[in-house]
Amino acid sequence: MRVLSLALLIGTIIFTGFVVALISKKYIELKYALLWFFTSVILIIIAVFHEIPKRIAWLLSIKEVTNAVFLVAIGLLIVVTFSLTIALSRASNRITKLAQEVALLRKHNNDNK
Amino acid sequence: MELKTIILIPAFNEEEAILSTISNLKKYKPDINYLIINDASTDNTEFICKENKLNYISLPFNLGIGGAIQTGFQYAIENGYDIGIQFDGDGQHNPEYIEDLIKPIKDNEAEMVIGSRFIDKVGFQSSKSRRLGIIILNIIIHLVTGFNIKDSTSGFRAFNKQMMSFLYKDYPKDYPEPECVVMAKRKGFRIKEIPVIMNEREGGESSISSFKSIYYMIKVSLAVLIDYLKYKKVK
């Protein structure tokens, strides 16, 4: 467990640093970055207080604590992927609307030439 | 009062049929208002429209039939039309039924009128497997809305202003026809079906190939059920 939590801690710290670097370069929007921040904070908490995964494992009657960690990680991944689907759908709806507006505007311009 | 009417023609790769479609419409009524919505065709559709000075609009990239016709609704609303008629660019629809299609709207009997192949059962009736698919969709629509529809996939339709204002904000993207019926019914709009005779397409390909038909059925059925949850029943 010691090794796992140490690996997790180092991994999350590197990851958080990476996220910060990307935000400051404006590669990702703060809105989506918040979700990743939230994720890394949870991971750090789990890494530091390894009583938590033990408790989760006990509560769900999972034998191996590692499996409980995986469960939490998969849960977080599902949340992240789902939020991406939402963001993608919204963006594609907006792009459709824009394409329609562009077509209408271009038509309007050509008609007035 | 004369209602301003516009024929909306979504066109994706219709270079073979688009000119005859327009000349048929003009034969029917010389001063007819129409708009071709070129859905980023990869063939000569746009060139033909430009050369022949047709009234057309070109989308910057392919949006699919739903996004294309939605652009038409927006154009119709912005230009003060009272009725929009969806009309295929491939020669399947006959202009002589346009008057019949408009009549229920003029008489204030319906907000949406559908030209149906299967009321009088004459003219091109589509293949057996497609008819089966249409019957299944009709049953699903009946279960969801209680509305008896005979031709849920017909793309020969007339919409009044209210209907267009509703649809231009929210219109299904891929296979809009059956879904649109459910949305309209849930919103309390009145739909009427009238008998029409359709032809076999002149050129181009149907937006639904046989390969995709199973995907189509699953997707549309699911979409219809989602609409049932999405739109609370009015009245």
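Q: Before we start on the interface, what counts as a polar contact here?
A: A polar contact is a pair of N or O atoms within 3.5 Å; within protein, one of them must be able to donate a hydrogen and the other to accept it. Keep in mind that this is a predicted model.

Q: Good. How many residue pairs are in polar contact across the interface of chain A and chain B?
A: Seven residue pairs, with both residues at pLDDT 80 or more.

Q: And how many salt bridges between chain A and chain B?
A: The count there is zero.

Q: What area do the two chains bury between them?
A: About 1,200 Å², with 59% of it on carbon and sulfur atoms. On the chain A side, Gln100(A), Leu104(A) and Lys107(A) lose the most area to chain B, and together they account for 46% of what that side buries.

Q: How many residues are in contact?
A: 13 residues of chain A touch 17 residues of chain B. The chain A side splits into five nonpolar, four polar and four charged residues.

Q: Let's go inside chain A. How do α3(A) and α4(A) cross?
A: Helix α3 (residues 51-59) and helix α4 (residues 65-111) of chain A cross at roughly 95°, and their axes come within 8 Å. That angle makes α3(A) roughly perpendicular to α4(A).

Q: Which residues meet there?
A: From α3(A), Pro53(A), Lys54(A), Ile56(A) and Ala57(A); from α4(A), Val65(A), Ala68(A), Val69(A) and Val72(A). By class, this contact has seven nonpolar residues, no polar ones and one charged.

Q: Over to chain B. Are α7(B) and α8(B) parallel or perpendicular?
A: Helix α7 (residues 176-186) and helix α8 (residues 213-230) of chain B pack at about 10°, with axes 9 Å apart. They are therefore roughly parallel to each other.

Q: Where do Asp82(B) and Lys161(B) lie?
A: Asp82(B) is in the loop between α3 (64-78) and β4 (83-86) of chain B, and Lys161(B) is in helix α6 (residues 161-169) of chain B, so the pair ties together parts that are 79 residues apart in sequence.

Note on methods
Residues numbered from 1 in each chain as written. Chains lettered and ligands numbered in written order. Predicted model: local features only at pLDDT ≥ 70, side-chain atom pairs only at ≥ 80, totals over all residues. Heavy atoms only, no water. Axes fitted to C-alpha atoms, helices over the stretch in contact; angles between N-to-C directions. Helix = DSSP H or I, 4+ residues; strand = E, 2+ residues; numbered from the N terminus. Parallel < 35°, antiparallel > 145°, perpendicular 65-115°, else oblique. Contact = heavy atoms within 4.5 Å. Buried area = accessible area lost by both parts, 1.4 Å probe. Salt bridge = Lys/Arg side-chain N within 4 Å of Asp/Glu carboxyl O. Polar contact = N/O pair within 3.5 Å; in protein donor to acceptor, adjacent residues only side chain to side chain. Nonpolar A, V, L, I, M, F, W, Y, C, P; charged D, E, K, R; others polar.
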